[in-house]
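Here are some notes to read alongside the model, written for someone opening it for the first time. Keep the 3D view at hand and take the points in order.

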Amino acid sequence: MRNLLDTSKCKYFSPTFDNRECSYYKYSEGEGFEQRDWECGFCTRPEQKRCIADITRPIPLSHSSVEAFTSCHYYYYLTRIIGVSVKNEFLGSALKAGKLWDTIKQVHLGASISIKKVIEDYQIDPMTVAKVRGLYHAYKELGIEVDEGGELQAKVDLKLNVKLGKNDFMPTVNVGKEAINLWAIRETQKEQDEHYWEFPLQVTGFYDRKYPTYFCEDKLSSRPENYLDIFQIQSQNGTYFLADPNLEYCIMEVVQFPQLRESKKKETTPEEMYKRVFDDVLSRPSKYFIGWNKETRRYGKKYYRNEFNLEMVRKRYEQIAVDMMSARWTGNFYPDWKRCSNKFPGIPCEMKAICTTGCISETMYEIKKN
Ligand code: SF4
Ligand code: SF4
């Protein structure tokens, strides 16, 4: 394959003798290290993740990257192309608590993960640890059961084919001094007569727990109602249904994060908080384990496949893939300022410090290559 980079997009472009991509360029690889030359490659320079000049090959989507793009295009650019990520220890306490609950539940169901290491890596404060511990010990005391045979963290692998009509887009890129029409290149390369440009689109992710005909999603939240509203889970769960036609329903195992406050009169120790949470959960389990059923010793809310508009989820992916390509062609990942202070209700965007100062602080952020 010849060089298809738009070299005008990157001032660090460094040509290679064989006129392949760039000396910093690294092809994307599959799980067996096979080269995926149909996918946008990576940059080996430490400052960024994806090659910003590789604007003709698609970047695989996941539910979370689509949410990133639709929430703010500039957020997608920072997090998925440059690869900026908030260091674990600087994440908000709600995210840390969710991560801890997720880990504890996976370990309870047989996964081999170090809970201690998660607490250390994320620097989770003792009071949050005490609350999640109290919740988990109440979970065990209640004798909560799940069906056996579920696969933990099963891979979501949805393949779609996006087909653009020739007249829809006529992208032109600058390769060296030459302006090249990408349609011409593609058509010559493929030696095809039809006037369409097709490219594969891979949507990836993970089911928390997957069975042959259903899957379960674990959530710990201060606002459980967010995960029980079909509109809020349409995109994620719809993707999971689309990826496997055998799935008939899903169970949202949503848990209320304990809202108990520390005493104002005297200092509350983590051990006291643990005990209070444990007692409170046991005294009213249905408040914490949404959909709790004393007879079956289970909780969660069931949603059936036909409650999701799968055709719309598929079309949404296809259009978003096109929108992303177009933003990569123009380089115009515009910011959505309405989201800066309100990425989720009441929660500011974690990239705000970067957008305010124009600098990426090495104390708070890191570049994640994967
Ligand atoms: S972004 Fe692409 S063109 Fe720029 S230095 Fe990296 S690999 Fe080379
Ligand atoms: S701070 Fe605002 S503009 Fe910047 S990435 Fe977040 S939402 Fe987008």
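1. A word on burial to begin with: a residue is buried if 20 or more other C-beta atoms lie within 10 Å of its own, exposed if 12 or fewer, and partly exposed in between, with C-beta atoms placed from the backbone. Val255 is buried, because 24 other C-beta atoms lie within 10 Å. Val255 sits in strand S12 (residues 249-256); helices (H or I, at least four residues) and strands (E, at least two) are DSSP runs, numbered from the N terminus.

2. Please bear in mind that this is a predicted model: local features need pLDDT of at least 70, side-chain atom pairs count only at pLDDT 80 or more, and totals for chains, interfaces and linings use all residues. Residues are numbered from 1 along each chain as its sequence is written, while chains are lettered from A and ligands numbered from 1 in the order in which they are written.

3. How confident is the predictor? The pLDDT, its confidence in each residue from 0 to 100, averages 87 over the chain, and 89% of the residues score at least 70. Over residues 173-180 the pLDDT is below 50, although this stretch has 17 contacts in the model beyond near neighbours in sequence; two residues are in contact if their C-beta atoms, placed from the backbone, lie within 7 Å. Where pLDDT is low, the predicted coordinates should not be read in detail.

4. Back to Val255 for a moment. Setting aside neighbours within four places in sequence, Val255 touches Trp101, Leu135, Lys219, Leu220, Tyr288 and Phe289. Leu220 is 35 residues from Val255 in sequence, yet their C-alpha atoms are 4.7 Å apart.

5. Next, look at helix H2 (residues 73-82). Eight of its 10 residues are buried, so H2 is largely enclosed by the rest of the structure. Among the buried ones are Tyr74, Tyr75, Tyr76 and Tyr77. What do the buried residues of H2 pack against? Their partners are helix H1 (63-71), strand S6 (84-86) and helix H11 (352-357). Just after H2, Gly83 takes a positive phi of about 90°.

6. Of the 13 residues around ligand 2, the nearest are Cys72, Pro335, Cys340, Cys349 and Cys355, where near means a C-beta atom, placed from the backbone, within 6 Å. By class, this shell has 10 nonpolar, no polar and three charged residues. Here Ala, Val, Leu, Ile, Met, Phe, Trp, Tyr, Cys and Pro count as nonpolar, Asp, Glu, Lys and Arg as charged, and the others, Gly among them, as polar.

7. Ligand 1 has its own shell, including Cys10, Cys22, Cys43 and Cys51. That shell divides into 11 nonpolar, no polar and one charged residue.

8. Met127, Ala130 and Leu135 of H5 are among the residues making the contact, as are Met273, Val277 and Phe278 of H8. The contact of H5 with H8 divides into 13 nonpolar, two polar and four charged residues.

Methods: pLDDT = per-residue confidence, 0-100.
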